[in-house]
Amino acid sequence: MRKTLQEFSIDILSIVNPEGIEDTKLLPKIPPQELLKAYRWMLLTRRLEEQALRYQRQGRIGTFAPSIGQEAAAIGSALCLTSEDWFLPSFRETGIALTRGLSIKNYFLYIMGFEDSNKELKNTHDLAISIPVGSQCVHVAGIGWGLKLDQKKAAAMVYFGDGATSEGDFHEGLNFCGALNLPCVFFCQNNQWAISTPFKNQTASQTIAQKAIAYGVKGIQVDGNDFFSVYVATQEALNKARKGEGPTLIEAVTFRQSLHTTADDPSVYRTKNLEEEWKKKDPILRFKKFLEKEKLWDSQKEDALEQTLKEEIRKGYEEAENFRNSNPDPLTFFDTVYETMPPYLQWQKECAQKNIAGRNVIKGALEKPRGSGGAAAVGELEEAQD
Ligand SMILES: Cc1ncc(C[n+]2csc(CCOP(=O)(O)OP(=O)(O)O)c2C)c(N)n1
Ligand SMILES: [Mg+2]
């Protein structure tokens, strides 16, 4: 005997395409003021990162990962979250963090290398940027489990890229959430690239969304450059999670228009033609076209907004510069990892303080600390000195 045991399908959602409204029935009823706010967030994200790219080239700030081209995926999903929900970012979620209260000053401080920027996360439901690819997919399972045990009517949404779906953490996290029916939303920004690895080399699956099926989780693919598709799918997924009906994996198909990070040069691995093709599907232009058609927007309003944003960004950068010039403690990153600092970290911090004070590594000057990690750290310091 051989017969089909189960069959699966994956939905794709597209509401407003580059030519206009594709499906009026699916268009969500969002008040005009909310649409205008969404546009403002999208444009702020774009202009902020464009300015950050200039500052980085001038040597004023460090490496960062721009999200240019992904603003609909970011803002369309972010606006569905409440302050009770949890937000777990990867490293390309500037727009979402802004909607959650990240100040422009702290945005710049982080890429200047100051951990102080993360202090404002205390007492929020937002986690700090996660650089190890996919790691936050495990953290979300823990947070989701906590929400379930506490019987909270909130959800946790984790963001990651197409590349992260090749990491074990993504599979472990999604499986755990499926098995325990946790209130989590996995939001994949499939921007077609993991640094220089194109999507076609990432997986043999046709979609990322279908990976949910293996874990008994609902998966859906959306046009990630369409604010409305992203909004509808995320709202559905979050409501489902808050009602205790389990997790969802959303794949937002988008395109990273800019470089992976400021240390990258995409011209060596992708064509100008491809970039031009995707520029025609630009999420901000598409949303603006919609607003103009609805008579909610015009060039005068656009000019005024551009001016305000420019000023906001300039002011935020100035505040960050002032902080940098105030001779801040460069070692605050030791303080924000644990509630109580373990002895080995305390010891490392002291070493670093002495090192910075005298620019002089302490060979044998300190006793080996008690507790794990200390001995290894002593060895490392000595090696570094040699
Ligand atoms: C565990 C781990 N391996 C490798 C890296 C180096 N790295 C940083 S970003 C990246 C690609 C991530 O691609 P994707 O998940 O698609 O996210 P995107 O950068 O496109 O937003 C890699 C390999 C890392 N940070 N962490
Ligand atoms: Mg990617």
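This is a predicted model: local features need pLDDT of at least 70, side-chain atom pairs count only at pLDDT 80 or more; totals for chains, interfaces and linings use all residues.
The shell around ligand 1 holds 15 residues. Of these, V133, G161, G163, A164 and A194 come nearest to the ligand. Two strands contribute to the shell, β5 (156-161) and β7 (193-194). Each of these strands supplies at least two shell residues. By class, eight residues of the shell are nonpolar. Four others are polar, and three are charged.

The packing of two helices was considered next. Two packed helices are described by the angle between their axes and the distance between the axes. Helix α1 spans residues 32-57, and helix α2 spans residues 71-78. Their axes are 10 Å apart and form an angle of about 135°. The crossing of α1 past α2 is right-handed. On the α1 side, the contact is made by A38, W41, M42, T45 and R46. On the α2 side, E71, A72, A74 and I75 take part. By class, this contact of α1 with α2 has six nonpolar residues, one polar residue and two charged residues.

The loop between α1 and α2 contains T63. T63 has 11 C-beta neighbours inside 10 Å. The cut-off for an exposed residue is 12 or fewer, and T63 therefore counts as exposed. Beyond its neighbours within four places in sequence, T63 is in contact with T261, T262 and A263. T63 and G113 are 50 residues apart in sequence. In space, their C-alpha atoms are 9.1 Å apart.

Two further loop residues have a positive phi without being glycine. One of them is N123, with phi near 65°. The other is Q192, with phi of about 80°. N123 lies in the loop between α4 (104-112) and α5 (136-149). Q192 is placed in the loop between β6 (184-190) and β7. N123 counts as exposed, because it has 6 C-beta neighbours inside 10 Å. Q192 has 20 other C-beta atoms within 10 Å and is therefore buried. The cut-off for a buried residue is 20 or more.

How values were computed: Residues are numbered from 1 along each chain as its sequence is written. Chains are lettered from A and ligands numbered from 1 in the order in which they are written. A residue is near a molecule or strand if its C-beta atom, placed from the backbone, lies within 6 Å of it. Helices (H or I, at least four residues) and strands (E, at least two) are DSSP runs, numbered from the N terminus. Ala, Val, Leu, Ile, Met, Phe, Trp, Tyr, Cys and Pro count as nonpolar, Asp, Glu, Lys and Arg as charged, and the others, Gly among them, as polar. Axes are lines fitted to C-alpha atoms, for helices over the stretch in contact, and angles run from 0 to 180 degrees between N-to-C directions. A crossing is left-handed if the near helix is turned anticlockwise from the far one by less than a right angle, and right-handed if clockwise. Two residues are in contact if their C-beta atoms, placed from the backbone, lie within 7 Å.
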